[in-house]
Amino acid sequence: MQTIAIFGSSGYARELDDIAHALGCRTLFVARDAAERAAWRGDGELVVEAETGRYAALPCALGIAEPALRERVAQAHLSLQFVNLVHPLASFGRGQRDAVESRRGIAINAGVRFMSRIKVGDF
């Protein structure tokens, strides 16, 4: 079973955990710091961001909804392999799956429909 490191430890990270599990993956949550680790009330393994060097070979996802923090984490860890997480129950119009797959760090939840001519960017 492949492991995916999910940056974040609250609501949006748990959404990505659901997608990862639907894809048959195990998750490793990444907290910002020791205080966030201490506040952790979720299930699963959690490490702090400073420890991510030990997990550099793992695919990663950003489970952070707040745009400025999300950008900071992405910029701080450009060398990591950020992957797309696409729930198997998402659907795509003509050419849209290719548009998503050409980017990185995208998460798409169950039930989402990408219609024609929607543009997406990294993260």
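Predicted model: local features only at pLDDT ≥ 70, side-chain atom pairs only at ≥ 80, totals over all residues.
Local features need pLDDT of at least 70 and side-chain atom pairs count only at pLDDT 80 or more, while totals for chains, interfaces and linings use all residues. Residues are numbered from 1 along each chain as its sequence is written, and side-chain values use heavy atoms, with hydrogens and water left out.

Rings of Phe, Tyr and Trp (its six-membered ring) were taken to pair if their centres lie within 6.5 Å, with planes under 30 degrees apart called stacked, over 60 edge-to-face and the rest tilted. That rule turns up four aromatic pairs. One of them, Phe29 with Trp40, is tilted, at 4.9 Å centre to centre and 45 degrees between the planes. Phe29 belongs to strand S2 and Trp40 to the loop between helix H2 (34–39) and strand S3 (45–48), 11 residues apart; helices (H or I, at least four residues) and strands (E, at least two) are DSSP runs, numbered from the N terminus. Both Phe29 and Trp40 are buried, meaning under 20% relative accessible area, with exposed being over 50% and partly exposed in between (1.4 Å probe, protein chains only).

Trp40 also has Arg14 over its face, 5.3 Å from the ring centre (the rule asks for NZ of Lys or CZ of Arg within 6 Å of the ring centre and within 35 degrees of the ring normal).

As for Phe82 and Phe123, the ring centres are 5.2 Å apart and the planes at 80 degrees, so this pair is edge-to-face. Phe82 is buried at 5% relative accessibility, whereas Phe123 is partly exposed at 26%. Ring pairs join Phe7, Phe82 and Phe123 into a cluster.
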